[in-house]
Structures are given as structure tokens and as C-alpha cells.
Amino acid sequence: MTRTPFLLTLAAAAALAGCNKQGHTIVAGPDIDDNQSHAAANGPVTLPPSILATKIYRCADNALVTVDYLSDNKSANVHGEKGAPIVQVVAPEAGQPMIGPGGYEVAGSANSPTAKIAVPGHPSQSCKA
């Protein structure tokens, strides 16, 4: 009784093994020569800046603000209150205040222990790391 299912499975596997003995070639994309010409046409790729430092600031009104300073020294990600969206602030040049949509502003750097931060609903105020 236990040999019958095993023999049937073995027979089915042997029957399927004989199907379509043609070679299979799987091609993922164009030839290498075509791929190289496309890479040259696209030009160099610039990676986004990485996080240089993350600082948690306590502001004058006792609010907590987290700022992720990015490696380009011209932008940062601001995390406001818990559950609030992350907002990117950008400065025209390194060392200038970074401004974002909706009234977000950060004047500070990854190296300074204080920053002047403005978030919606709160005036611009001095905050300590």
C-alpha cells in the first residue's frame, strides 16, 4: 500500500523529465554593448546626501525637535512632534539658515550645541541639544 503512491510519483517524475528537451536561454536584458552605450548616455549618477548627525533639541517652550543633518551641509530632515511628518529643510549655501515648506526653519549645524528652530505652531526659538 505504501509503495503504490511512491511508484506513481516516481513514474510521473520520469514522464515529466522527458518533456521538451530543448535548451533554454534566459536573457535578462540587452547585449553588453547596448548596455554600455545606455550607461554612457545617462551620464554620472549623483547619490543623495547621507545622514551626517542626528541631534535631539529641547526648545525654550519645552518642545522636542529631532534634526537629521545631511552630509551636503545644506540640508536637514526635521522631525517635529510624535507622528508629525518628516520635513526636509534646505539652505541655498552651506552655513545659511535652512528653510522648508510650511514655516520650518533651522539655523544651526551638526557641530553646534544649539540651533534656532521654527516649526509650525511655534515661533522661532533657541534650542539646546
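These entries go from the whole chain to single residues.

I am working with a predicted model, in which local features need pLDDT of at least 70 and side-chain atom pairs count only at pLDDT 80 or more, while totals for chains, interfaces and linings use all residues. Residues are numbered from 1 along each chain as its sequence is written, and side-chain values use heavy atoms, with hydrogens and water left out.

**Fold.** I looked up the secondary structure and found 2 helices and 8 strands in the protein chain. I took these as DSSP runs numbered from the N terminus (helices H or I, at least four residues; strands E, at least two). The order along the sequence is α-α-β-β-β-β-β-β-β-β.

**Whole-chain totals.** The chain has 129 residues, and 22% of them count as buried. Buried means under 20% relative accessible area, exposed means over 50%, and partly exposed is in between (1.4 Å probe, protein chains only). The chain exposes about 9,500 Å², with 59% supplied by carbon and sulfur atoms. I note that accessible areas come from the Shrake-Rupley method with a 1.4 Å probe, and for residues only the protein chains shown count as cover. I then checked contacts (heavy atoms within 4.5 Å). Of those between residues at least 6 apart in sequence, 25% join residues at least 24 apart.

**Disulfide.** I searched for cysteine sulfur atoms within 2.5 Å, the cut-off for a disulfide, and the count came to 1. Cys-59 is joined to Cys-127, S to S 2.0 Å. This pair links distant parts of the chain, 68 residues apart: Cys-59 is in strand 1 (residues 51-59) and Cys-127 in strand 8 (residues 122-128). The link of Cys-59 and Cys-127 is right-handed, with 95° about the S-S bond. Cys-59 is buried at a relative accessible area of 8%, and Cys-127 is buried at 0%.

**Val-89.** I found Val-89 in strand 4 (residues 86-90). Val-89 counts as buried because its relative accessible area is 0%. Val-89 and Lys-74 are 15 residues apart in sequence and 8.4 Å apart in space, C-alpha to C-alpha.

**Leu-10.** I placed Leu-10 in helix 1 (residues 3-17). Leu-10 is partly exposed, with a relative accessible area of 49%. Phe-6, Leu-7 and Leu-10 make a nonpolar surface patch of about 330 Å². Patches take residues with over 30% relative accessible area and no salt bridge, joining like charges within 9 Å and nonpolar side chains (Val, Leu, Ile, Met, Phe, Trp, Tyr) within 5 Å. A salt bridge here is a side-chain nitrogen of Lys or Arg within 4 Å of a carboxyl oxygen of Asp or Glu.
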